[in-house]
Amino acid sequence: MAVTETQLAELQARLKDFMAKHIYPNEQRYYTEGEKLGPWRVIPVVEELKKIAKAEGLWNLFLPDDPRGAGLNNQQYATLCEIMGRSVMAPEVFNCAAPDTGNMEVLVRYGTPEQQKQWLEPLLAGEIRSAFCMTEADVASSDATNVQLEIRRDGDEYVLNGRKWYTTGGTDPRCKILIVMGRSNFEPGASPHAIQSQILVPKNTPGVKVIRPLPVFGFYGVPDRASEVWFDNVRVPVSNMLLGEGRGFEIAQGRLGPGRIHHCMRLIGMSERILERMCRRADARVAFGKPVSEQTVTLERIAEARIMIEQCRLLTMKAAYMMDTVGNKEAKQEIAMIKVAAPNMACKIVDWAIQVFGGGGTNNDHFLTVCYSLARALRLADGPDEVHRNQIARLELKRHRNTDPDFTGGRGLGFTRQEAQEFADAGLWPRPADWTE
Ligand SMILES: Cc1cc2nc3c(=O)[nH]c(=O)nc-3n(C[C@H](O)[C@H](O)[C@H](O)COP(=O)(O)OP(=O)(O)OC[C@H]3O[C@@H](n4cnc5c(N)ncnc54)[C@H](O)[C@@H]3O)c2cc1C
């Protein structure tokens, strides 16, 4: 069931009210609790606020599938995601945080009724959390064909062996289920896109070892609970396989659909808030006889930040519009573009804000460092910039291979020797008669 413009406006207003009443006033508590309790513990304020958000119906907004979600399309959700993105803590409070959103989408799309009952329902209820294990320390995992963790069938079970890292959520005590990507086909010459599978592994399965939390730019737990996880002879029933053996890439493609641009939508909200804080601080701080906001360099940066945010928002909305109207496949260039543009834009704006805040910008009193580390990590976490750029460029090259340059003006003059001579002779500046080589 589609959401009307009026319903959307009402959701936006309620979300903004919630942010003002519950999120912003509790952020200091969130960071303090996060720092004190560390990556292995639940942050109490998040659990408290989740209950309120759920009771108010501000819950699972990411899921378009009605009645389990809010029934929003990508364009509509983008506007709400921007509001939530204003705070690092907010997405989880509304049960709209990665990696659960992507994992829930995978379960909605590919899970069997039993898998959905066991894992999707508690995830949708916010009772448990989940993790996605693809990246490995020992291979370049931006190329998923490299993934080495072994998934070998043994009777009615699969046996997993391997080492994963940068698994978000591994150290969270609420994390109960892992979606693990690994190699299941070892035949020489097998298609590299049919050798990987994705399988459900309950975190308490013997042999699953969360070895250590990993820092992200020195932060543990907030903004990301990155971890290293080992799988030593982990046995799960064959019924835990998602979609089918060898179909891991297909799932990865599906997973990387809508979830791909949620981060971008949120980064726009984050950048808006950082810009606001930068303006307020620059107005209030006087150096060398005038407010920092009157320094032309500050004006220049504020203006540039506004331009960059507007550009990114338009590109995000275009990507969301295309996903809604022509599908994720057709929108892949726009998706890749915004994946590069949004984190880079956010990094630049937070960097300028740190400069305006002076030394205080480098501690987390103003949340700038945590925002920077999140934005910077996103230049890798959703696939490195370079991989997206390669895709954008390949699609661009392909586009021009399929058009007629005579029609588009894509052909240059391309003189033959004779034409070059004729052109030179007839042109404004023919070689002078007395010219010697
Ligand atoms: C905060 C954070 C959270 C994360 N959460 C998760 C998670 O929950 N689950 C998970 O599985 N992973 C997660 N990751 C891992 C992330 O997905 C990977 O780091 C990313 O895919 C890159 O893989 P890699 O680290 O192995 O880098 P590599 O593949 O080794 O690449 C290293 C660098 O090589 C260059 N490069 C690679 N390919 C190309 C190319 N084609 N052209 C040009 N240059 C190239 C790029 O500069 C790239 O950054 C997370 C990472 C971070 C930082």
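UniProt, in an unreviewed entry, lists residues 131-234 as "domain: Acyl-CoA oxidase/dehydrogenase middle". In this predicted model, the span is 45% strand and 0% helix. Its end C-alpha atoms lie 16 Å apart.

**Domains**

| Domain | Residues |
|---|---|
| domain 1 | 5-97 |
| domain 2 | 129-246 |
| domain 3 | 256-401 |

Between the C-alpha centres of domain 1 and domain 2 there are 28 Å. The two domains touch: eight residues of domain 1 are in contact with nine residues of domain 2. On the domain 1 side of this contact, five residues are nonpolar, two are polar and one is charged.

**The ligand shell**

Which domains each supply at least three residues to the shell around the ligand? Domain 2 and domain 3 do. The ligand is surrounded by 22 residues. Met134, Ala140, Ser142, Thr168 and Glu386 are the closest. By class, 13 residues of the shell are nonpolar, seven are polar and two are charged. Three elements each give the shell at least two residues: β1 (129-133), α12 (368-381) and α13.

**Helix α13**

Helix α13 covers residues 385-401, 17 residues in total. From its first C-alpha to its last, α13 reaches 24 Å. That is close to the 24 Å expected at 1.5 Å a residue. Is α13 largely buried or in the open? It lies largely in the open, because the number of buried residues among its 17 is one. Even so, α13 supplies at least two residues of the ligand shell.

How values were computed:
Residues are numbered from 1 along each chain as its sequence is written. This is a predicted model: local features need pLDDT of at least 70, side-chain atom pairs count only at pLDDT 80 or more; totals for chains, interfaces and linings use all residues. UniProt positions are given in the numbering used here, feature names are shortened, and annotations may be inferred rather than shown by experiment. Helices (H or I, at least four residues) and strands (E, at least two) are DSSP runs, numbered from the N terminus. The expected span of a helix is 1.5 Å times one less than its number of residues. A residue is buried if 20 or more other C-beta atoms lie within 10 Å of its own, exposed if 12 or fewer, and partly exposed in between; C-beta atoms are placed from the backbone. A residue is near a molecule or strand if its C-beta atom, placed from the backbone, lies within 6 Å of it. Ala, Val, Leu, Ile, Met, Phe, Trp, Tyr, Cys and Pro count as nonpolar, Asp, Glu, Lys and Arg as charged, and the others, Gly among them, as polar. Domain bounds come from an automatic or database domain assignment. Two residues are in contact if their C-beta atoms, placed from the backbone, lie within 7 Å.
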